[in-house]
Amino acid sequence: MTDHPTIPMPRDGGWAAYTDYSRRLATLLQDERARAEQQTAASRDGQAAVDQITHRLGTQRQHLHQLAATLRLPEPHVGGIAPGPIPDPAEALRRAAAAADAADVAAENAHRRAAQPPLLPGFTPLARNALVYAAAAMLGTFASLLMFAVSPDADLGRIPWQLVPWSLCGLPALAFFAGYLTISLVGQPRIGGGGTRSARAGGVICFVGMPILWFIFIAATRG
């Protein structure tokens with residue numbers, strides 16, 4: 001029969017020291033156990049944060065590719081990330097989240113700018129289109145008056161009637177289509193659906209406004 005080792009009983013004052021050391025050992029073990037639980041919880045939270053930022057970056061990458069395709073821009077290149085000198089994982093996660101936030105803000109700004117037309121983005125659609133048609137009408141009127149000024153009949157004091165169809169119909173039509181084309185090219189947003197081209201307002205400006213200006217000019221010069 002094997003004899004089991006026995007713990008010698010402490011002598012004078014030894015039992016108090018023994019119990020004190022036991023309490024200290026129990027406290028240390030409890031502290032180590034609490035520290036291990038904290039590390040486990042921190043590791044679990046860190047892994048959850050890494051999974052969350054990874055999912056967010058994947059969604060963000062897909063959104064950027066879709067946005068580039070919609071805006072007809074080159075496909076964004078998203079390469080690997082080289083490890084940086086950041087020993088603290090929490091600080092690395094914080095910087096990654098800050099970078100993702102900055103990328104979201106930049107993408108939102110690009111989306112907001114793409115939802116506005118390149119030409120006069122601060123104007124309302126009607127005001128922008130009316131200004132474009134008015135500019136085209138002014139150029140057409142200037143061309144009409146220039147044709148009138150260089151006409152031989154004008155030098156003789158007669159009205160060049162051969163220019164009347166151009167002044168009343170041809171040039172207004174050219175001005176209208178020039179304004180319509182300008183609005184279609186640079187007056188429409190790239191995303192968010194096609195905007196209005198205000199064809200009726202353009203027709204009034206070009207086919208009514210230009211003849212009125214032409215008649216005013218004729219009346220002023222004849223008078």
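First, some housekeeping. Residues are numbered from 1 along each chain as its sequence is written, and side-chain values use heavy atoms, with hydrogens and water left out. Because the model is predicted, local features need pLDDT of at least 70 and side-chain atom pairs count only at pLDDT 80 or more, while totals for chains, interfaces and linings use all residues.

Let's start with helix α2. When I say helix, I mean a DSSP run of H or I with at least four residues, numbered from the N terminus. Helix α2 has 26 residues and reaches 37 Å from its first C-alpha to its last. That is close to the 38 Å expected at 1.5 Å a residue, where the expected span is 1.5 Å times one less than the number of residues. Within α2, Ala100, Ala107 and Ala114 are buried. Buried here means under 20% relative accessible area, exposed means over 50%, and partly exposed is in between, with a 1.4 Å probe and protein chains only.

Now for the loops. Leu120 sits in the loop between α2 (89–114) and α3 (125–150). Leu120 is not a glycine, yet it has a positive phi of about 50°. Is Leu120 buried or partly exposed? Leu120 is partly exposed, at 27% relative accessible area. Ser198, in the loop between α5 (164–186) and α6 (199–222), also has a positive phi of about 50° without being a glycine. Ser198 is buried, with a relative accessible area of 11%.

On to the rings. How many aromatic pairs does a search of the whole structure find? The search finds 5. Rings of Phe, Tyr and Trp (its six-membered ring) pair if their centres lie within 6.5 Å; planes under 30 degrees apart count as stacked, over 60 as edge-to-face and the rest as tilted.

Tyr133 and Phe176 form a stacked pair, 5.6 Å centre to centre with 10° between the planes. Tyr133 lies in helix α3 and Phe176 in helix α5, so this pair ties together parts that are 43 residues apart in sequence. Both of these residues are buried, Phe176 with a relative accessible area of 13%.

Phe176 also pairs with Tyr180, this time tilted: 6.1 Å centre to centre, 35° between the planes. These two are 4 residues apart in helix α5, about one helical turn. Tyr180 is partly exposed, at 32%.

Finally, ring pairs link Tyr133, Phe176, Phe177, Tyr180 and Phe207 into a cluster.
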